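Dear colleague,

I am passing on the structure we spoke about, and I would be glad if you kept it open while you read the notes below it.

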Amino acid sequence: MSPDSSPSVPLDNLHRIETPEGIDLLFRPAGLVPRALAFALDLAIRGAILLVLALGLGMLGKFGLGIGALLLFLVQWWYMVLFEVLNQGRTPGKQWLGLRVIHDDGTPIGWAASLTRNLLRFVDLLPFGYFLGALCCLSHPSFKRLGDLAAGSLVIYQERPSATPELPEAEPQIPPFALEPAEQRALIAFAERQASLSAERRQELAAILAEPLQTSAAQAESRINGIARTLLGPT
């Protein structure tokens, strides 16, 4: 089954980027719902900031109003940009939802692109309630709004490092002959995947390697685990 048809990500496509070295990078573009939730969180945070500022500056009279107008502009227009550029493409809302914004080529978002995508929000808001932006997002294969199209940016899910599989308990053992890299990877993969295999399936797979590993079918599984621990070294 291809990644696009995986039941765990039914609404998201994969965005493929080829590096100059010929390496394919795959990113999961974020759809409309998580992006809207992230924006709502950021909107609530900005509202709270402005409320605190209003309460504090309201006691300063006209001078406070002038300072408040300046801070209102800064919070409204620079909140998103500063967080995106200085926090690896993540505003607090995006970070909470596990999202980040990058350039189309996979590089971190820069000042020009972040400014462009955020200044064009007023276009996405037309004619009301983000209608144009939502329509564009739903019709684009990578869920881009108009600001993203103009800035060459992409909102993706932040990949979380997967936990390192634990090897079964076994005494380290030296392989009976020199192993090719592919053979080493196969033995390590067998040891790492044991938790997801039934006992019968583990015995069946291990028995296939019993003869080349110079052991019995009954001891093959333990032999493989010991060799895998030797290959990986101390953990």
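Among the contacts in the chain that join residues at least 6 apart in sequence, 60% are between residues at least 24 apart. Please bear in mind throughout that this is a predicted model.

As for the overall make-up, the chain has ten helices and four strands, and from the N terminus on these elements follow the order β-β-α-α-α-β-α-α-α-α-β-α-α-α. Of its 235 residues, 34% count as buried, while the accessible surface of the chain comes to about 14300 Å², with 66% of that area belonging to carbon and sulfur atoms.

Strand 3, which covers residues 99-103, is largely enclosed by the rest of the structure, because four of its five residues are buried. Strand 3 pairs with strand 4 (residues 153-157) in the antiparallel sense, over five bridges, and within that pairing R100 has I156 of strand 4 as its bridge partner. At Y157, there is also a charge to look at, since the charged end of R28 sits over the ring of Y157, at 4.3 Å from the ring centre.

Finally, a word on the aromatic residues, for which the count comes to three aromatic pairs. One of them is formed by Y79 and F83, whose rings are edge-to-face, with 5.1 Å from centre to centre and 65 degrees between the planes. Both residues belong to helix 2 (residues 61-86), where Y79 and F83 are four residues apart, or about one turn of the helix. Are the two partners buried or partly exposed? Y79 has a relative accessible area of 7% and is therefore buried, whereas F83, at 33% relative accessibility, lies between the 20% and 50% cut-offs and so counts as partly exposed.

With best wishes

Definitions and conventions
Residues are numbered from 1 along each chain as its sequence is written. This is a predicted model: local features need pLDDT of at least 70, side-chain atom pairs count only at pLDDT 80 or more; totals for chains, interfaces and linings use all residues. Side-chain values use heavy atoms; hydrogens and water are left out. Buried means under 20% relative accessible area, exposed over 50%, partly exposed in between (1.4 Å probe, protein chains only). Helices (H or I, at least four residues) and strands (E, at least two) are DSSP runs, numbered from the N terminus. Two strands pair if DSSP finds at least two bridges between them. Contact means heavy atoms within 4.5 Å. Accessible areas come from the Shrake-Rupley method with a 1.4 Å probe; for residues, only the protein chains shown count as cover. Rings of Phe, Tyr and Trp (its six-membered ring) pair if their centres lie within 6.5 Å; planes under 30 degrees apart count as stacked, over 60 as edge-to-face and the rest as tilted. A charge sits over a ring if NZ of Lys or CZ of Arg is within 6 Å of the ring centre and within 35 degrees of the ring normal.
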